Amino acid sequence: MARASEEWGFFQVVNHGVSPEILDRMRREQVKAFKQPFDRKKEEDDKFSAGTYRWGTPTATCLNQLAWSEAFHIPMTDVVSSSSFSCSSAIEQFATTVADLAQKLAGILAEKYLGRKSTFFQDNCAPSTCYLRMNRYPPCPMPPAAAVFGLMPHTDSDFLTILYQDDQVGGLQLVKDGKCFAVKPNPQALIVNIGDLFQAWSNGVYKSVEHRVVTNPHVERFSTAYFFCPSYDTEIESRCEPSIYRKFSFKEYRQQVQEDVGKLGRKVGLSRFTVNAIYS
Ligand SMILES: O=C(O)CCC(=O)C(=O)O
Ligand SMILES: [Fe+2]
């Protein structure tokens, strides 16, 4: 796992402890949630923090900046404290089980990196500080020449992501050394990828690798991502000398990403936080 996180920033886990029943129930609930009329989906925003239901890319100024997908982006605090559809027991049960798995995986990777056990993730990442994102990628009628993505190339702004992708329809690709690699569906496996925060915390040892989703002209695709995140005031630092990144809080990181997306139309990410940052 540690080697894959260093070389690829991605790996798959089987025998992960999330039962097929939990995965099936969650996915059925997800399909149902997206089948609702558009207005009902928009209403979810009133129940949760604003921005829960998203479609396309609000900041896009041309077609090839538009993500051909819709999503419910749910802060787990809402799941813990609310009783609306998105917090149905199926989704809650999925989130709870995956939270345990994320904590376990982060602990193993931390221990491998530090050479000793660490309570950092138990101390700073609670289920309530994590996020769940349900994605739906409708069939896309655009010709390949239009270069429309289901999800634009990006890295995740968390410690790690656990992804339950569609067990039939592929589309996820990771980008390594300028080449694209398709992550084939495996119904038994969950996909894990390293996010920006783990890259900073491990001083660049574990890699937050760019990934994207390509469209499919004929069939829709679903995926569910669990983002393992710390509380806002958690300080991220590698405690390594020399350190590639300066110390920053998760709040600072989120705000910088939002500011860049607003001003530049894209996330700059970790390169903003290097000790000798080239961006001002
Ligand atoms: O749908 C997928 O396979 C990937 C989703 C993803 O990368 C994300 O939600 O950040
Ligand atoms: Fe992602």
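Mentor: Let us begin with one pair of residues in this predicted model. L174 stands opposite H211, a residue of strand β10.

Trainee: How do the strands that carry such a pair run, and over how many bridges do β7 and β10 pair?

Mentor: Strands of a sheet pair through backbone hydrogen bonds, in either a parallel or an antiparallel sense. Here, strand β7 (residues 172-176) and β10 pair in the antiparallel sense, over three bridges.

Trainee: How many bridges link β7 and β8?

Mentor: There are four bridges between β7 and β8, again in the antiparallel sense. One pair to look for is V175 with its bridge partner C180 in β8. The two strands form a hairpin with two residues between them. In that turn, D177 has a positive phi of about 50°.

Trainee: In what order do the strands of the open sheet lie?

Mentor: The four strands follow the order β5-β10-β7-β8, and their pairing is antiparallel. β5 and β8 (179-182) each have a single partner strand, so one side of each of these edge strands is left without a neighbour in the sheet. On average, neighbouring strands of this sheet are turned by 30° against each other, direction ignored.

Trainee: Which residues are the protein donors of the iron ion (ligand 2)?

Mentor: The donors are H154 (NE2), D156 (OD) and H211 (NE2), at 2.1 to 2.3 Å from the ion. Their spacing in sequence is H-x1-D-x54-H. D156 belongs to the loop between β5 (149-154) and β6 (160-165), whereas H211 belongs to strand β10 (residues 211-214), so this pair ties together parts that are 55 residues apart in sequence.

Trainee: Are D156 and H211 buried or exposed?

Mentor: Both D156 and H211 are buried, that is, under 20% relative accessible area.

Trainee: How should I read a helix, for example α2 (residues 20-35)?

Mentor: Consider its length, and then its sides. Helix α2 has 16 residues and reaches 22 Å from its first C-alpha to its last, close to the 22 Å expected at 1.5 Å a residue. Its buried residues are I22, L23, M26, R27, E29, Q30, A33 and F34. These residues cover an arc of only 165° around the axis, which puts them on the same side of α2.

Trainee: Which exposed residues does the face of α2 turned away from its buried side carry?

Mentor: That face carries P20, E21, R28, K32 and K35.

Methods
Residues are numbered from 1 along each chain as its sequence is written. Chains are lettered from A and ligands numbered from 1 in the order in which they are written. This is a predicted model: local features need pLDDT of at least 70, side-chain atom pairs count only at pLDDT 80 or more; totals for chains, interfaces and linings use all residues. Side-chain values use heavy atoms; hydrogens and water are left out. Donors are N, O and S atoms within 2.8 Å of the metal (3.2 Å for Na, K and Ca); water is not among the atoms, so sites may look incomplete. Buried means under 20% relative accessible area, exposed over 50%, partly exposed in between (1.4 Å probe, protein chains only). The expected span of a helix is 1.5 Å times one less than its number of residues. The arc is that of the directions from the helix axis to the C-beta atoms. Two strands pair if DSSP finds at least two bridges between them. Axes are lines fitted to C-alpha atoms, for helices over the stretch in contact, and angles run from 0 to 180 degrees between N-to-C directions.
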